[in-house]
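Have a look at the sequence and the model, then try each task before reading its solution.

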Amino acid sequence: MQNNRRKFLKKSFTHSFLAIVGWNSMVSLLSSFSLHENDSNGDFNIGFEQKPLPYAYNALEDCIDAQTMEIHYSKHAAAYAKNLNEAMVAEKVQKETSLETILANISTYSAKMRNNAGGHFNHELFWQCMQPKTVNNLPKGNILMEIEKSFGDFASFKKLFSDAGKTRFGSGWAWLVKDETGKLKITSTANQDNPLMNLKEIEIKGTPILCLDVWEHAYYLKYQNKRADYIEQWWNLVNWNFVEKRLSGK
Ligand code: MN3
């Protein structure tokens, strides 16, 4: 009896409450509660989202097919962003902390943070490093000068960078970085590691200027086991204007 009476009172209270304040107010009241719930995590960074791709999924055909781009961006890379945000909350990372700062201190975080902070940073940079295919796609200006200064000529640079991608065992990335003295260097990293991470496995550290994803998910549908063919085609896509901006720190 007591229980039924309580239920009745609760029900009629809810009904009269809704009748007085109206459904819309109820909805906004509820959403303010859920906002408040998020606010209890408000000090933690939950803000790293994927930027929209700077081109359509099919814009990189015939070097990278549309299906590969769609799965790569909307499934693989999306998962890194989602898992990064989960790790941010779980590990109570302050909201203002930049991704670069996290990467520079990655040894103090979990494996989940390492894989997904790296995965998110690497892919966001990778999308920007590409543009629709250009015939005779070569660097010019400042970036060409710096490449020639560090590697002799563009052909030598291209071979060294391609080799870094081809010889990376398993999954990983090839990188052109600017080290702390401003010198350009080529390196590669395993899995979703990158040259910003403070880990002993990272042989060459520096600011990433250009990167190439050599995970099988980046090329397998079109190229199967022929990673070298994918890399050769990829050179047609490099957005040298963007690379130049990375070089000058813009
Ligand atoms: Mn990838």
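A residue counts as buried when its relative accessible area is under 20%, and as exposed when that value is over 50%. Keep in mind that this is a predicted model.

**Exercise 1.** Find which residues of α6 are buried and which are exposed.

*Solution.* Start with the helix itself: α6 covers residues 154-167 and reaches 20 Å from its first C-alpha to its last. Next, pick out the buried residues, which are Phe154, Phe157, Phe161, Ser162, Ala164 and Gly165. These sit on the same side of α6, because they cover an arc of only 150° around the axis. Then turn to the other side, where Ala155, Lys159 and Thr167 are exposed. Finally, look for what covers the buried residues: the cover includes helices α5, α8 and α9 as well as strands β1, β2 and β3.

**Exercise 2.** Follow Phe161 into the largest nonpolar core.

*Solution.* The core has 62 residues, and Phe161 is among those that touch the most other members, along with Phe157, Leu210, Trp234 and Trp240. Helix α2 gives the most to this core, with seven residues. Now list partners of Phe161 beyond four places in sequence: they include Ala174, Ile186, Leu210 and Trp234.

**Exercise 3.** Identify the protein donors of the manganese ion.

Note on methods
Residues are numbered from 1 along each chain as its sequence is written. This is a predicted model: local features need pLDDT of at least 70, side-chain atom pairs count only at pLDDT 80 or more; totals for chains, interfaces and linings use all residues. Side-chain values use heavy atoms; hydrogens and water are left out. Helices (H or I, at least four residues) and strands (E, at least two) are DSSP runs, numbered from the N terminus. The expected span of a helix is 1.5 Å times one less than its number of residues. Buried means under 20% relative accessible area, exposed over 50%, partly exposed in between (1.4 Å probe, protein chains only). The arc is that of the directions from the helix axis to the C-beta atoms. Contact means heavy atoms within 4.5 Å. A nonpolar core is a set of buried Ala, Val, Leu, Ile, Met, Phe, Trp, Tyr and Cys residues joined through side-chain atoms within 4.5 Å. Donors are N, O and S atoms within 2.8 Å of the metal (3.2 Å for Na, K and Ca); water is not among the atoms, so sites may look incomplete.
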